[in-house]
Amino acid sequence: MKLVPLPQELSVYQVSDFSQVDFTQQPLFIGRTDEENSIVSATANVPSETIKREDGWRAFKIEGVLDFSLVGILAKIATVLAEAYISIFAVSTFNTDYLLIKMEKYEAAVSVLTQAGYTVL
């Protein structure tokens, strides 16, 4: 399985509304519930007004389109990283999954994943 690193630093943050969010940016992940408006985007594009914000993330994209019938792909990667004491923040789209890892653990994650047989491009 191939993992494609995203080039930019990412941030995870909450906003009271979406008025300051640039919806043309990529990547952009939005979660809206009755409790919060959460966003993941490039750190350079975080609006000036946030409720909470955590910077310093890098991400891998699982290459290719993952069929919904596939089982355990994200769980296996998460397990490999958890065994190395590397936590993740996962985001899924219709096509694939993205794994966010804190920047200070990123190189260790690349090493652990490579040793476990994953190809990090």
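Student: Is the crossing in which H1 passes H2 left-handed or right-handed?
Tutor: This is a predicted model, where local features need pLDDT of at least 70, side-chain atom pairs count only at pLDDT 80 or more, and totals for chains, interfaces and linings use all residues. Residues are numbered from 1 along each chain as its sequence is written, and side-chain values use heavy atoms, leaving out hydrogens and water. Helices (H or I, at least four residues) and strands (E, at least two) are DSSP runs numbered from the N terminus; a crossing is left-handed if the near helix is turned anticlockwise from the far one by less than a right angle, and right-handed if clockwise. By that rule, the crossing of H1 and H2 is right-handed.

Student: At roughly what angle do the axes of H1 and H2 cross?
Tutor: Axes are lines fitted to C-alpha atoms, for helices over the stretch in contact, and angles run from 0 to 180 degrees between N-to-C directions. The two axes come within 10 Å, and the crossing angle is roughly 120°.

Student: Which residues of H1 and H2 make the contact?
Tutor: Contact means heavy atoms within 4.5 Å. H1 supplies Ile-77, Val-80 and Leu-81; from H2 come Ala-109, Val-112 and Leu-113.

Student: By class, how many residues in the contact of H1 with H2 are nonpolar?
Tutor: Ala, Val, Leu, Ile, Met, Phe, Trp, Tyr, Cys and Pro count as nonpolar; Asp, Glu, Lys and Arg as charged; the others, Gly among them, as polar. The contact has no polar and no charged residues, and its nonpolar count is 6.

Student: How far apart are the end C-alpha atoms of helix H2?
Tutor: H2 covers residues 103–115, 13 residues in total. The expected span is 1.5 Å times one less than the number of residues, so H2 should span 18 Å. The model agrees, with its end C-alpha atoms separated by 19 Å.

Student: Where does H2 bend by about 25°?
Tutor: The bend at a residue is the angle between axes fitted to the seven residues ending there and the seven starting there. For H2, the bend of about 25° falls at Ala-109.

Student: Which residues in H2 are buried?
Tutor: Buried means under 20% relative accessible area, exposed over 50%, and partly exposed in between (1.4 Å probe, protein chains only). Their cover includes strand S1 (2–5), strand S5 (52–62), H1, strand S7 (97–102) and strand S8 (119–120). The buried residues of H2 are Tyr-106, Ala-109, Val-110, Val-112 and Leu-113.

Student: Which residues does Ile-77 touch, not counting residues up to four places away in sequence?
Tutor: Ile-77 lies in helix H1. Its relative accessible area is 0%, so Ile-77 is buried. Its contacts are Leu-3, Ile-62, Leu-99, Leu-113 and Tyr-118.

Student: What is the phi of Tyr-85, which is not a glycine?
Tutor: Tyr-85 sits in the loop between helix H1 (73–83) and strand S6 (89–92). Its relative accessibility is 72%, so Tyr-85 counts as exposed. Its phi is positive, about 60°.

Student: Is the peptide bond from Gln-26 to Pro-27 cis or trans?
Tutor: Pro-27 is placed in the loop between strand S2 (10–14) and strand S3 (28–32). The bond from Gln-26 has omega near -5°, and its form is cis.

Student: With which residues is Gln-25 in contact, leaving aside its neighbours within four places in sequence?
Tutor: Gln-25 also lies in the loop between S2 and S3. At 7% relative accessibility, Gln-25 counts as buried. Its partners are Ser-41, Ala-42 and Asn-45.

Student: What separates the C-alpha atoms of Ile-39 and Phe-18?
Tutor: Ile-39 belongs to strand S4 (residues 37–42) and is buried, at 1% relative accessibility. Among the residues that Ile-39 touches is Phe-18. The pair is 21 residues apart along the chain, and the C-alpha separation is 9.5 Å.

Student: Is Ser-48 buried or exposed?
Tutor: Ser-48 lies in the loop between S4 and S5. With a relative accessible area of 71%, Ser-48 is exposed.
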